[in-house]
Amino acid sequence: MNLSELKEGQTATVVRVGGDGSFRRRLLEMGFLQGTKIYVEKYAPLKDPIELILKGYHVSLRVDEAAWVQVEHVQGKGT
Amino acid sequence: MPSKSITVALAGNPNSGKSTIFNNLTGTRQKVGNWPGVTVEKKEGHVTINGYQLTVVDLPGTYSLTAYTIEEIVARNFVLDEKPDVVVDILDASNLERNLYLATQLRELDTKVVFVLNMADLAGQRGAKIDGDKLSELLDVPVVFTVGNRNKGTQDLLRTIISVAEADIELPRTRRVYYGKEIEKAIGELSEFIRDKASGKLPYNIRWIAIKLLEKDRIVKDRILQAVGPEGEMILGEAEKKRERLRGFFDEEPEIVMTDHRYGFVAGIVKEALKMVSRERVDVSRQIDQVLTNRLLGLPIFVFFIWAMFQLTFSLGAYPMNWIDVGVSWLGQTVGGWLPEGILQDLIVDGMIAGVGSVIIFLPNILILFFCIALFEDTGYMARAAFLMDKVMHLIGLHGKSFIPLLMGFGCNAPAIMATRTLESEKDRILTILINPLMSCSARLPVYILLAGTFFGAKAGNAIFSIYALGIVLAILVGRLFRSTILTGRVAPFVMELPPYRAPMCKGLLIHMWDRSKIFLKKMGGVILIGSVVVWFLSAFPQKVEFSRDYETEKATLSKQYQMLIAKAPGQTREGLLREGEKAILALEAQMAKEKVEKSFIGRLGKLLTPVFSPLGMDWRGSVAVLTGFVAKEIVVSTMGVLYAAGADEDEKSEALKSALKRSGMTPLSAYAMMAFVLIYVPCVATVAVIRRETNSWKWTLFSIAYSTCLAWLVAFVIYQGGKLIGLA
């Protein structure tokens, strides 16, 4: 499953980040590491980008970028 | 006591409160400019304390020191090349883990570092207790606590900076990131190899070079080739071999594994130094965002904020603009009175004062606009605006943050282009700058009003609206075209932090606003002055025009005639005759003015350009008007007034101009083509000057001028000729 499939209010754990070198590295540097819990705070009014909470801070990602983040252990029902 | 100078570099994540600390340290003694060769803003300030001269350099805010973004490269190069005495790393205490990631990289650079834990009070409120002593011990560097927005800890920080700069300590080699057995072995071997081949030739820490080579850092590679020569190739080859081996071992890029290890190291520190006392009770920032980025309310509120910003900028700004206008004409008259009539008076009054006056009039707009933008930035709303608009802007291949500069373009392109500084990616910035003039600024409106009002009657509103729409459509097309041709490459990933909302500080806002306005005033002064003088020169010379008629004699005859008539006429008609006579003389003078312009350099240039403009349905008068519009677009109207409506007095001028335009052979079609041309062609001199400054390149400036003028011609040509083909006139 990937991050862009999650609904608002759901939490999941990062498995792996894909994509090309610089994008991938940037995400890792921002804390998208294996085992990190990510909470989906909300989608923007136009459904893109997504606001996420991880490591205690808020960050936004475009939906097609979030699709590169593989996640597991999805919790919460979401809305 | 002789003063000793110390250079201090401020590093830190974006939103860590770095600029507030910078303002606290340096007060208003700041210098804002660009880093050499790039358009990243550089701020420098000075403090004198206890006989020490501190030069504080604000590095661009970065999350890391890899060489992926221009900001990271600039920050890293400064630390490597300028070798500041102390690097101060500002850490946002409520976001310790991610902030420490940068800290670990700074430690690897082997410079003297001081850590600043900023906003620990806020972190405390959110239930996080940070043990500063423990942190200092774990990282082997001094830690200072500050609260930037209450100016707490500033003196403490200054003292620590000085004592660290003065301390003659060997930098501790322990307490650094351990990358695991395999990678450490590779680092060790590669370090040996480098020491062997290039001892003394590389002024950087060898371990750091080895790490960077294993991470495939292209800038470090280039530097080695430059500094070491042929043996550099061997070093790179060795590094590549080691990378291959590691990649095989981990089944993963080595730099990814190393990033993981850094975060592992950070996690260890956080575990020891940070105690979560209680979970946060209320997160105010998050609650604000429940409203401001709400699915239903988010966009309407955004539209309201933008509307309010426009209202403030252009409605409130209209008052001081008026005062400046009055002031400038007063100055013109006064100075004109002091100087003897002649060429010098003309140059100073009509050329310099009027020219610079026409630009300085935008200062109130710029001040208010930048105040609003500073407010958006300092509170954290700017990131939300980008979050809301990114989907729309992504259509042109731009970042959400481009929306505000583009929108501001409808007011005035010059400050709008300066507002592109909020964009991080250089390509995004250049693209936003290039398409910005297509947002029809308010100075072009008088031209549309005149032409549409004359030729479209009741449908003028629709015609003007369609011109604005044309600009937007062209911006989208041009944006997509440039993105896929000259500004290729991936759109910058939208990994954007949404920082907690913060109450803005008055001092910070004012400094922010003033810095940018100052740039406008100072740097624009030169180019605008020259531009106005050139246009003045072209329209005022040659001084001695061979008139086709002897106006002076005709004037004298005319006034004599009327004097005689008046003398003979009965009492009650005298007044009417007097007025009639004045009118006739004014008409004659206007004829003379028209002929003077016609025979001036700019008039000749206009006539010379007739073959270029006639396919667009414009005669030589239109071409001259468009040429003078380079100083400021609204001047197109006043030039047309001189050229077409010669022979009407002031009160009747606008009506007379309209009927004169109708008589001149212009049709609704050619008027519309001219409106389109005025929309698209080269922006005014102030905007060009800002483009030059913000792109930091003549190449882009000339490109902007060339593409917009060619596009303008093409579009006007298609409108005029196409319209004629389908039978419009």
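Domains, helices, strands and chains

Modeller: In this predicted model, 7 residues of domain 1 of chain B are in contact with 7 residues of domain 2 of chain B. The domain 1 side of that contact holds 4 nonpolar, 1 polar and 2 charged residues.

Colleague: Which residues belong to domain 1 and domain 2 of chain B, and what distance separates their centres?

Modeller: Domain 1 covers 4–166 and domain 2 covers 181–250. Their centres, taken over C-alpha atoms, are 29 Å apart.

Colleague: Why are α5(B) and α11(B) called roughly antiparallel to each other?

Modeller: Helix α5 (residues 132–139) of chain B packs against helix α11 (residues 254–273) of chain B at an angle of about 150°. Angles over 145 degrees count as roughly antiparallel, and the pair is therefore described as roughly antiparallel. The two axes lie 9 Å apart, and the crossing is right-handed.

Colleague: What makes up the contact between α5(B) and α11(B)?

Modeller: On the α5(B) side are Lys134(B), Leu135(B), Leu138(B) and Leu139(B), which meet Ile269(B), Glu272(B) and Ala273(B) of α11(B). By class, this contact has 5 nonpolar, no polar and 2 charged residues.

Colleague: Which residues of α26(B) and α28(B) meet?

Modeller: From α26(B) come Ile602(B), Gly603(B), Leu605(B), Gly606(B) and Lys607(B); from α28(B) come Trp620(B), Ser623(B), Val624(B), Leu627(B) and Thr628(B). The contact divides into 5 nonpolar, 4 polar and 1 charged.

Colleague: How do you know that β4(A) and β10(B) pair?

Modeller: Pairing requires at least two bridges between the strands, and 2 bridges join β4(A) to β10(B), running antiparallel. In one of these strands, β10(B), Met496(B) is the bridge partner of Ser60(A).

Colleague: What is the order of the 6 strands in the open sheet, and which are its edge strands?

Modeller: The order is β5(A)-β1(A)-β2(A)-β3(A)-β4(A)-β10(B), with antiparallel pairing. The edge strands are β5 (69–75) of chain A and β10 (496–497) of chain B, since each pairs on one side only. Within this sheet, strand β3 (residues 50–54) of chain A is joined by 5 bridges to strand β4 (residues 57–61) of chain A, and Leu52(A) stands opposite Val59(A).

Colleague: How many residues lie between β3(B) and β4(B) in their hairpin?

Modeller: The hairpin has 2 residues between its strands, and Asn50(B) in the turn has a positive phi of about 45°. Strand β3 (residues 41–49) of chain B and strand β4 (residues 52–58) of chain B are antiparallel and share 7 bridges, with Ile49(B) opposite Tyr52(B).

Colleague: What does each chain give to the contact between chain A and chain B?

Modeller: Chain A provides 27 residues and chain B provides 27 residues. On the chain A side, α1 (21–29) and β4 are the elements giving two or more residues, and α1(A) gives the most, with 8 residues. That side divides into 12 nonpolar, 5 polar and 10 charged residues.

Technical notes: Residues are numbered from 1 along each chain as its sequence is written. Chains are lettered from A and ligands numbered from 1 in the order in which they are written. This is a predicted model: local features need pLDDT of at least 70, side-chain atom pairs count only at pLDDT 80 or more; totals for chains, interfaces and linings use all residues. Domain bounds come from an automatic or database domain assignment. Two residues are in contact if their C-beta atoms, placed from the backbone, lie within 7 Å. Ala, Val, Leu, Ile, Met, Phe, Trp, Tyr, Cys and Pro count as nonpolar, Asp, Glu, Lys and Arg as charged, and the others, Gly among them, as polar. Axes are lines fitted to C-alpha atoms, for helices over the stretch in contact, and angles run from 0 to 180 degrees between N-to-C directions. Helices (H or I, at least four residues) and strands (E, at least two) are DSSP runs, numbered from the N terminus. Angles under 35 degrees count as roughly parallel, over 145 as roughly antiparallel, 65 to 115 as roughly perpendicular and the rest as oblique. A crossing is left-handed if the near helix is turned anticlockwise from the far one by less than a right angle, and right-handed if clockwise.
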